[in-house]
Amino acid sequence: MSENAEKKIRIGILGASGYTGGDLVRLLVRHPFAEIAFMTADRHAGKSMDTVFPHLFGQELPPLISVDEIEWGLVDVDVVFCCLPHGTTQEIVRQILTENETIRVIDLSADFRLDDTDVYAEWYGHEHYATDIQPMAVYGLPEYYRERVAKSRLVANPGCYPTAALLGLLPLVEQGLIDTTDVIIDAKSGVTGAGRGLKENLLFGEVAEGIHPYSVASHRHAPEIEQEIAKHAHGAETHVNFTPHLMPMNRGELCTCYVRMTGGATVADLRRTFEARFAGEPFVSIVPEGVTPATRHVRGSNYCLVGLYQDRIPNRAIVVAVIDNLVKGSSGEAIQNMNLMFGLSELTGLEQAPLFP
Ligand SMILES: NC(=O)C1=CN([C@@H]2O[C@H](COP(=O)(O)OP(=O)(O)OC[C@H]3O[C@@H](n4cnc5c(N)ncnc54)[C@H](OP(=O)(O)O)[C@@H]3O)[C@@H](O)[C@H]2O)C=CC1
Ligand SMILES: CC(=O)N[C@@H](CCC(=O)OP(=O)(O)O)C(=O)O
């Protein structure tokens with residue numbers, strides 16, 4: 001452990017009253033080197049955290065304040081987690097990074113994930129409000145960018161679907177084992193993926209006992225996944241077909257990826273590649289042959305499980321990756337990034353086993 005680990009990391013959380021903010025607090029109160037200095041909310045500003053999230057009873061936590069109360073030049077924190085809706089984060093992050101020379105930011109929203117701000121504008125329906133800051137951002141998928149994350153002042157935490165899909169695909173892409181123009185990602189998420197704000201299509205009566213696809217052929221995680229695949233595809237053309245589905249469950253995310261193997265590769269080659277690539281990874285595991293990963297196998301944990309199968313169609317394979325959207329898909333991955341940025345073991349505060357069944 002480095003010398004940085006000897007003192008507590010002082011933390012601010014923007015958007016602590018949302019689902020990712022709530023899970024971040026749940027995990028940070030057990031993190032041995034974390035100290036939460038302030039937390040913000042919008043509608044819930046002025047309340048105590050155990051009013052908004054009763055499961056956090058008995059914790060010594062600061063009250064929820066409005067982000068407008070914070071003077072960024074004066075505030076004494078080492079890192080700020082931004083758990084705000086996308087589109088609301090860019091200007092706040094610019095303010096933090098320009099008014100304060102030392103604070104580092106981990107943004108859980110999508111605001112800094114796309115390197116090309118024109119692509120951002122195209123998919124998010126408004127201009128990028130901090131194009132000058134964008135080049136500072138490092139895409140926070142620790143398994144691929146840990147050295148850059150460690151040095152960064154601005155980490156763009158990946159989307160939940162991209163985390164699962166990329167961990168299931170990138171080892172194969174970087175070894176040239178699959179055709180990057182022929183990738184189908186059939187994705188499924190629990191409803192917490194959509195945030196805690198009240199939305200008509202998330203009412204119990206409209207989600208329970210059924211499933212439906214949404215944002216068909218138009219979900220904004222498609223360009224995020226393509227951006228990252230392209231970075232590892234050695235110049236090969238890259239297209240993914242990505243269709244998300246809303247599942248009648250609280251947490252969890254499952255990506256079933258259909259791929260075409262190239263150059264005579266077999267599923268045994270794919271398995272060896274995964275095993276070698278993820279051998280030292282604390283949070284990614286390949287399930288044994290014959291086992292299928294399920295969202296229940298990672299619930300509440302920072303783990304990603306990957307399963308690999310030969311399709312009955314020759315040269316085609318199926319890769320299944322599961323995560324908990326609120327942990328490895330957002331708050332846990334954000335803490336993994338914080339650990340890297342402050343010289344701690346990536347596992348610190350994240351070793352809890354999945355809750356099963
Ligand atoms: N949920 C998930 O699985 C994942 C979410 N993300 C991303 O993380 C971010 C947070 O998501 P999530 O926690 O689910 O969202 P929620 O809707 O649950 O929470 C949003 C938070 O932001 C606050 N807020 C809302 N609008 C404003 C505003 N205009 N100014 C200041 N504060 C505001 C809310 O306060 P209040 O409650 O008081 O209204 C709340 O604390 C989003 O960008 C999301 O896309 C990323 C990966 C996974
Ligand atoms: C079930 C559900 O609605 N999930 C969200 C994804 C959550 C997420 O990662 O979104 P960001 O990229 O905005 O951070 C969605 O599809 O919009």
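Hi everyone. A quick definition before we start: a helix here is a DSSP run of H or I, at least four residues long, and helices are numbered from the N terminus. Please keep in mind that this is a predicted model.

With that in hand, let's begin at Cys160, which lies in helix H6, residues 160-174. The UniProt entry, an unreviewed one, lists Cys160 under "active site". Is Cys160 buried or exposed? A residue counts as buried if 20 or more other C-beta atoms lie within 10 Å of its own. Cys160 has 29 within that distance, so it is buried. Setting aside neighbours within four places in sequence, its contacts are Ser189, Gly193, Glu253, Asn325, Gly329 and Ser330.

On to ligand 1. How many residues surround it? There are 31, and the closest are Gly15, Gly18, Ser109, Gly195 and Arg196. Helix H1 (19-28) and helix H10 (327-341) are the elements giving two or more residues to this shell. H1 gives the most, with three residues. The shell around ligand 1 has 11 nonpolar, 17 polar and three charged residues. Here, too, domain 1 and domain 2 each supply at least three residues.

Terms used. Residues numbered from 1 in each chain as written. Chains lettered and ligands numbered in written order. Predicted model: local features only at pLDDT ≥ 70, side-chain atom pairs only at ≥ 80, totals over all residues. UniProt positions renumbered as here; feature names shortened; annotations may be inferred. Buried ≥ 20, exposed ≤ 12 C-beta atoms within 10 Å, placed from the backbone. Contact = placed C-beta atoms within 7 Å. Near = placed C-beta within 6 Å. Nonpolar A, V, L, I, M, F, W, Y, C, P; charged D, E, K, R; others polar. Domains from an automatic or database assignment.
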